[in-house]
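Here are my notes on the model, point by point. Please read them with the structure open.

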Amino acid sequence: MRYYSIHEFSKLINRTPQTLRNWDKSGKLKPHHTGSNGYRYYSHDQLKEVLGIKETSQKVVGYCRVSSNKQKDDLQRQVENMKKYLESLNVEYEIIQDIGSGINYKKKGLRQLIKMINNKEVDKIVVFYKDRLLRFGFELVEYMANLNGCEIEVLDSTEKTDEQELVEDLIQIVTVFSCRLQGKRANKTRKLVDELIEENEELLNDKVRASAKIKNIPLSEALEN
């Protein structure tokens, strides 16, 4: 069960924290529980009740995405791993697959997912990484999901470094726009993308070498990890 602080809950129902405090005093809506810190917490079921979301036949959706057709093998691995995880939850589930950039908002699978969210057909969305859903705009989709009684579960929440985030974002943006160019301009842009990828790999390898030195382990072992 997911719980929301009074500030999170008030934003989701478009009310002020003071209104919730007043509802608590009057008995209109009591918080689910009060933490040891004295803060009020509200449940996901209370959110559905306040928003008037009726219980329907909802399912868990696993969303898997890769950037290009060249990564179909990776997509298949994602799907298989997602199936294993969702089956372990013993819930009704569906897997949506997409091939396209993380900054492409017109992908068929993404649009299908958003439509299902708006129709309140989804109880939970599961993704391996935040950027599998969207590179830019994850928080907006998450907010939309919360408003419709749906939560998003990210299986790997490992934070990337600022350098990695910046380089990956630049690569995504430049790649998308380079596809619209032709001739010499396209070749020049693709060369820039290749250089960015190479520099990103060098940066990662430098960090791996430093980590291996600190941990006193062979470089090959650090690279595998």
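1. How many bridges join strand S2 to S3, and in which sense do the two strands run? The model is predicted, so keep that in mind throughout. Two bridges link S2 (residues 33–34) with S3, and the strands run antiparallel. His33 stands opposite Tyr41 in S3.

2. The turn deserves a look. S2 and S3 make a hairpin, with five residues between them. Gly38 sits in that turn and has a positive phi of about 85°.

3. S3 has another pairing to check. Strand S1 (residues 3–5) pairs with S3 (residues 40–43) over three bridges, again in the antiparallel sense. In this pairing, Tyr3 is opposite Ser43 of S3.

4. Next, His44. This residue belongs to helix H3, which covers residues 44–51. Is His44 buried or exposed? His44 has a relative accessibility of 5%. The cut-off for buried is under 20%, so His44 counts as buried. What does His44 touch beyond its neighbours within four places in sequence? The contacts are Met1, Arg2, Tyr4, Gly149 and Cys150.

5. Now the core. The largest nonpolar core holds 17 residues. Tyr63, Leu113, Ile125, Leu133 and Ile152 have the most contacts inside it. At least two core residues come from each of these elements: strand S4 (59–66), helix H5 (108–118), strand S6 (122–127) and helix H7 (138–147). H5 gives the largest share, four residues. As background, nonpolar side chains in soluble globular proteins tend to be buried together.

6. Some totals for the whole protein. There are 10 helices and seven strands. The protein has 225 residues, and buried ones make up 35%. The protein exposes about 14400 Å², with 49% of that supplied by carbon and sulfur atoms.

7. Last, contact range. Take the contacts between residues at least 6 apart in sequence. Of these, 64% join residues at least 24 apart.

How values were computed. Residues numbered from 1 in each chain as written. Predicted model: local features only at pLDDT ≥ 70, side-chain atom pairs only at ≥ 80, totals over all residues. Heavy atoms only, no water. Core = buried A, V, L, I, M, F, W, Y, C linked by side-chain atoms within 4.5 Å. Buried < 20%, exposed > 50% of the residue type's maximum accessible area, 1.4 Å probe, protein only. Pairing = 2+ DSSP bridges. Contact = heavy atoms within 4.5 Å. Areas by Shrake-Rupley, 256 points an atom, 1.4 Å probe, with all protein chains shown as cover.
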